Amino acid sequence: MRQKRILIFVEDPGAANFIVTLPESLRQQGMRPMLFADGTAVTYLQRFGLKAEVRKKDMTAAEMLTAYQVDGVVCGTGENPQTYAFDLITAARELGIPSIGLVDGSGNHEFRFRGNGSNPLTFLPDYIATPDEEAANQYFRLGASPGRVEVTGHPYFDHVRAEGARLASQDREALRSQVWPEGAGGRKAIVFLAELSTGIRHSDYQKSPDYLLHGTTEATGRTEIVLDEFFLAVASLPDRPYLVLRLHPKCGHGEFAAYQERFDFVSREGRVLEHLVAADLVVGLTSMSLQECAMLGKPGLAIIPRVLEKDWLPTIGAGLTECACTRQELLRLLPLLLADPPDLSGRLSGHFLTDPTCRLTSLIERATTGFSNPVK
């Protein structure tokens, strides 16, 4: 029997995370994955030992799907309104090939399949895989039919579970000296997860009247204001911890240059997981790595300037990530979490779906078996 050929395309680090465990899972089920990438996802995937081909710019999407005899198209989503994923979804629709869109979080749901137009479902694929019920409900509210949206959980968490357990079994001081060459010197260590102060809606990442945090400088960027408040809180601690700045994959090496010298170590390359395991406390805004931190049972603190941003990180509502929206909350929570971290073990099973990679693989298998376009 001919192997099903599944073309996977990603260009955003968040989407790349979603498919890290997928190629091997597809192979185990007798399918043939073909991994293509663009943008920052090309080098990001290399951190996980995955080699993606750069998409064929001399071929149209229809020519590509035909030449590779593709049976199913799997596309990540992101912030690019002109992503090649839309070309693939459109071509797949015209050729009668099933398409599956991967939604790695609940943010910016109205833009992920919109393109440059006003209809948020213009490039809606035949099926959508989401990490949780909230993300699925967002597409139902936009008008997607229940048969087109499936909650698979986030497949990257399978990788986090396996690798986190392996790293946690190592000698912690040896791991620390490996990821932080200068060493923490026996001090408590805090890893700060930086994010860009921009996005599809730039105003969401700039200071506004509903900000409850105001920073200590003239900075107006969301992350810069949070960094100001973070350093103010660190200065109030009786003992200065070892501070690590972990830059987002989309950040340049010089991002937040005005703050970098105040950290003991700055990291951008390699995987974030080692830093999470080595840390005593992980602090950020609404980075997905705070969800990884919760899964590992590590204490995490989200510092956000607006109350509404609590909805941007599911583990806040689940009680797995502590949250500070005001300076008073931050000054209270930072020393508390360093001295007496909460035990999260009893709450994890109720939040994270089991076997998300298998769930996504099953969706792809079903989508490519006896396919009939659900739009028709």
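Residues are numbered from 1 along each chain as its sequence is written. Because the model is predicted, local features need pLDDT of at least 70 and side-chain atom pairs count only at pLDDT 80 or more, while totals for chains, interfaces and linings use all residues; side-chain values use heavy atoms, with hydrogens and water left out.

**Stop 1: the seven-stranded sheet**

Start with an open sheet of seven strands, ordered β3-β2-β1-β4-β5-β6-β7 and paired in parallel. Here strands (E, at least two residues) and helices (H or I, at least four) are DSSP runs numbered from the N terminus, and two strands pair if DSSP finds at least two bridges between them. Strands of a sheet pair through backbone hydrogen bonds, either parallel or antiparallel.

Select 53-54 and 149-151: these are β3 and β7, the edge strands, each with a single partner, so one side of each has no neighbour in the sheet. Which residue of β7 is the bridge partner of A129? Click on E150 to find that partner.

Helix α5 (84-95) lies across β1 (5-10), β4 (72-76) and β5 (99-102), at about 155 degrees to β4. Helix α6 (133-142) lies across β6 and β7, at about 170 degrees to β7. For such angles, axes are lines fitted to C-alpha atoms, for helices over the stretch in contact, and the angle between N-to-C directions runs from 0 to 180 degrees; contact means heavy atoms within 4.5 Å.

**Stop 2: a cavity**

Select G76, T77, G78, N80, T83, A85, F86 and R112, the lining of the largest cavity. A cavity is a set of points, on a 1 Å grid over the protein atoms alone, where a 1.4 Å probe fits but cannot get out, and lining residues have an atom within 4 Å of a point. The space in this cavity is about 30 Å³, where a volume is the space filled by probe spheres set on the points.

**Stop 3: the six-stranded sheet**

Move on to another open sheet, with six parallel-paired strands in the order β10-β9-β8-β11-β12-β13. Its edges are β10 (265-267) and β13 (322-324), each pairing on one side only. On average, neighbouring strands in this sheet are turned by 25 degrees against each other, direction ignored.

Select 281-284 and 300-303 to see β11 and β12, parallel strands joined by three bridges. V283 stands opposite L301 in β12.

**Stop 4**

Most residues other than glycine have a negative phi. F256, in the loop between β9 (242-246) and α10 (257-260), has a positive phi of about 60 degrees. D355, in the loop between α14 and α15 (356-367), also has a positive phi, near 50 degrees.

Is F256 buried or exposed? F256 is buried, at 7% relative accessibility, whereas D355 is partly exposed at 47%. Buried means under 20% relative accessible area, exposed over 50%, and partly exposed in between (1.4 Å probe, protein chains only).

Terms used: 1 Å grid on protein atoms, 1.4 Å probe; cavity = no way out; pocket = protein on both sides within 12 Å on 5 of 7 lines; lining within 4 Å.
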